[in-house]
Structure formats: structure tokens, C-alpha cells
Amino acid sequence: MVRRLILSLLALTILAAFAGYVWEHRSAANDRAAHPAPGRTYDVDGLSMHIDCRGAGEPAVLLEAGLMAGSTSWLQVVDSIAAHTRTCAYDRAGMDWSAFGDYDAAAGAVVARLQALLKLADEHGPWVMVGMSAGGVYVREFQVRHPEDVVGMVLVDSSHEEQAFRLPTSGGLDRLDQMLKLCEVLQPFGVIRLTKGLDGFMNWYQLPADKQALFRANYYQSHSCSAIARESTAFSADLQQNVTPRSLGNLPVLVLSQGNEPRGDAQTGQTDEAARRQREVWDQLQLELAALSSRSERRIASRSGHIIQFEQPEMVVQAIHDMVEMLRREPVLADQETHDVTAAIVDPLSPRHW
């Protein structure tokens, strides 16, 4: 009797898993049909990778998303930037419309795939590289490998190569890793979609109502958790190398930093005081990023946390517009002496040109 009951439960579990698997993959296919890629896809080393380029003019702008995000993370700003110059947003492997597969997610591999993608898409610089959060590390790596293609850089609350050793520790990352491991197991069988388990990620972006369906379609792909976990693990490994950020010489750089009142997070157990201590170190890291170039400026997004392009999108657009206009006025950049970047913190409503 007990054996029969166990076998029945096992059969029901297998049947439920199979039904969930079929439902999940049909739902993901329906999402893709409802929200097709806005740009084009190309085969990069066996991976289908997506890039969306709009507008016309030089210098061109390349948007590099933050960790666990793709081109849709720029949807509040991309049209305004493209109205002014050629603008490309793309998806790293596994993100948004780019395929998931067997690939290296370390920064060097990310940059190599990006360069190959740009070549296939016949998109050329000179580039203003815009990197948000971890994207800031990726665009600096791109500049190291292809300095001749980069004429300016905008860092949007960028990560710092030494942050893993200098930011106060928090249990939030351990909890995130545990959640991602569970999500990897459950997502292919429809459990995450059914329980709306990734809505917390989307809440970071404070999405407008008309964009929520698009974000949900991208985050609830059958491979999303696996792609996020791989990227997160690879980026953590990059940071564990504790490499000092390389000098950017006299490359024009504009650093945008979060500036709202830091508050704790009940979900991760972080207190307000811990959040303030973390912000103090983060501000110092942001100043150091500005100091990488002798032609830098830092602006504070006083009403924003980390996701500035959603909380103050107009500030991101203005920063990129200012960089492009400055480069158009001064196509040949002359060497200048390093200035004190602590004096370069300006009122974002009154942008200062270089």
C-alpha cells in the first residue's frame, strides 16, 4: 500500500513537472511572439546576439547595461539619445533577446563578443561608451582593448574594480545567490512564472505601467535565472581579482552617481546606518573613477538610487548629450593636467562643460 502510494506521488510529480515544463516553454514562446526584438540578431561564436541601433550622427553612443539586465534597461532614455546621434543598445549573452548557451561571462569575454557583434552589425565608432553599474567595468575593459575606438565615456553609478574588498559586507548577496540557485532549478518547470518570483528584480526599475509586460517577457524566459546566475558569478570572480582601475588618460569622462538619502533594506536585513556607511564608501569609489581621467566631471543624481536611468532619466540623457556636443566641438582632444575631481561635483541642473 505504501509502495503504491509512493509510486503514485512520484508519477504525479513527474506529470506535474512535465506539464509545467510544457506550459513554461509555450508561455515563453508566446512572450517572444508578443515582444519581438526591436533591432537585429547576429551569430557570434554560435550565440544569437541582439543589438538595436537607431539614429544618425557622430560620435556614436554604445549603451552597456548593468548586471543581470539588457537593452530594455535603457528604454526610458534610448529614444532621446538616438534623436541626437547614432545610438546602440545591445544584450549580453543570455540577457533579453540574446541567446543563452555555453559561454564565458567574464569581462574579457563580454568585450570580445561585443566587438565581434559590432563588426557583424557593421556599426563603427568613434564611440561614447556608456556603462551602468557593472557595465562601467565592461566599458572600461573595452577601452583598454580598443582605445582607438573610444572618444568619451559616461559612467552611470558605475561599479569599481575594488568594491568587493572595500564596500561593507552585507548578507544580501548571499541571499541573492541562494535565490538564484533555487530559481535555476524551478524556472524551466514554470514555478517561477506561476509564483511571479522575479517581480522583485523588476521592481528595482520602478517600471511605467506600459512597459511592465515587456520586462516580464524578458525576465521570465526559461533560462533567465541561469543567465543571471552565470553573469553574477563571473562578475564576482572578476572583482575578486582586486585589480586597480586603469588610468583613462585624458579621455573625457562624465561620472553620474546616486545621491538620494540612503536607506536600509528589510529584505536583506540592512539597517539605515549600514546603508549610510556603504554610501560613504561608494561615494569615495565614484570619486576615484572620476580621477581616472584628467578630463572628468562628476554629477550627483540627488533624487536617485542606483538605477538613475529610470529614476532621473533626463539626467542621463543630458549627460550623454553634453558629452556628444563637447566632442563635436573639439574633435581632437588635447592633453590637460589632472584636476581635483572633488571640485567637479556640480549641480545636475546646471551642467558644466569640460
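A cavity is here a set of points, on a 1 Å grid over the protein atoms alone, where a 1.4 Å probe fits but cannot get out, and its lining residues have an atom within 4 Å of a point; grid points are joined across faces, edges and corners, and a volume is the space filled by probe spheres set on the points. By this rule there are two cavities of 30 Å³ or more. The model is a predicted one, in which local features need pLDDT of at least 70 and side-chain atom pairs count only at pLDDT 80 or more, whereas totals for chains, interfaces and linings use all residues. Residues are numbered from 1 along each chain as its sequence is written, and side-chain values use heavy atoms, with hydrogens and water left out.

The largest cavity has a volume of about 100 Å³, and among its 15 lining residues those closest to the centre are Met68, Met95, Asp96, Asn218 and Tyr219. Helices and strands are DSSP runs numbered from the N terminus (helices H or I, at least four residues; strands E, at least two). In these terms α9 (212-219) and α10 each supply at least two residues of this lining, and α9 gives the most, with three. With Ala, Val, Leu, Ile, Met, Phe, Trp, Tyr, Cys and Pro counted as nonpolar, Asp, Glu, Lys and Arg as charged, and the others, Gly among them, as polar, the lining of the largest cavity has seven nonpolar, seven polar and one charged residues. The second largest cavity holds about 40 Å³ of space, and its lining divides into four nonpolar, no polar and three charged residues; Arg92, Arg113 and Glu231 are among the residues that line it.

Nonpolar side chains tend to be buried together in soluble globular proteins. Buried means under 20% relative accessible area, exposed over 50%, and partly exposed in between (1.4 Å probe, protein chains only); a nonpolar core is a set of buried Ala, Val, Leu, Ile, Met, Phe, Trp, Tyr and Cys residues joined through side-chain atoms within 4.5 Å. The largest such core has 88 residues, and those with the most contacts inside it include Val130, Trp74 and Ile320. Helix α13 (residues 313-329) gives the most to this core, with nine residues. Where contact means heavy atoms within 4.5 Å, valine 130 touches, among others beyond four places in sequence, Leu63, Trp74, Val154, Val156 and Ile320.

The structure holds 19 salt bridges, each a side-chain nitrogen of Lys or Arg within 4 Å of a carboxyl oxygen of Asp or Glu. Arginine 299 forms one with aspartate 322, the closest N and O atoms being 2.9 Å apart. This pair links distant parts of the chain, with arginine 299 in strand β8 (residues 293-301) and aspartate 322 in helix α13, 23 residues apart, and both residues are buried. Arginine 145 and glutamate 141 also meet in a salt bridge (2.8 Å, N to O); they are separated by about one helical turn because they lie four residues apart in helix α4 (residues 134-145). Arginine 145 is partly exposed at 44% relative accessible area, whereas glutamate 141 is buried at 16%.

Proline 245 lies in the loop between α10 (224-240) and β7 (249-258) and counts as buried at 10% relative accessibility. Its C-alpha atom is separated by 9.5 Å from that of glutamate 141, 104 residues apart along the chain. Alanine 274, found in helix α11 (residues 272-290), is buried as well, with a relative accessible area of 17%.

Methods. On a 1 Å grid over the protein atoms alone, a cavity is a set of points where a 1.4 Å probe fits but cannot get out, and a pocket is an open set with protein on both sides within 12 Å along at least five of seven lines; lining residues have an atom within 4 Å of a point.
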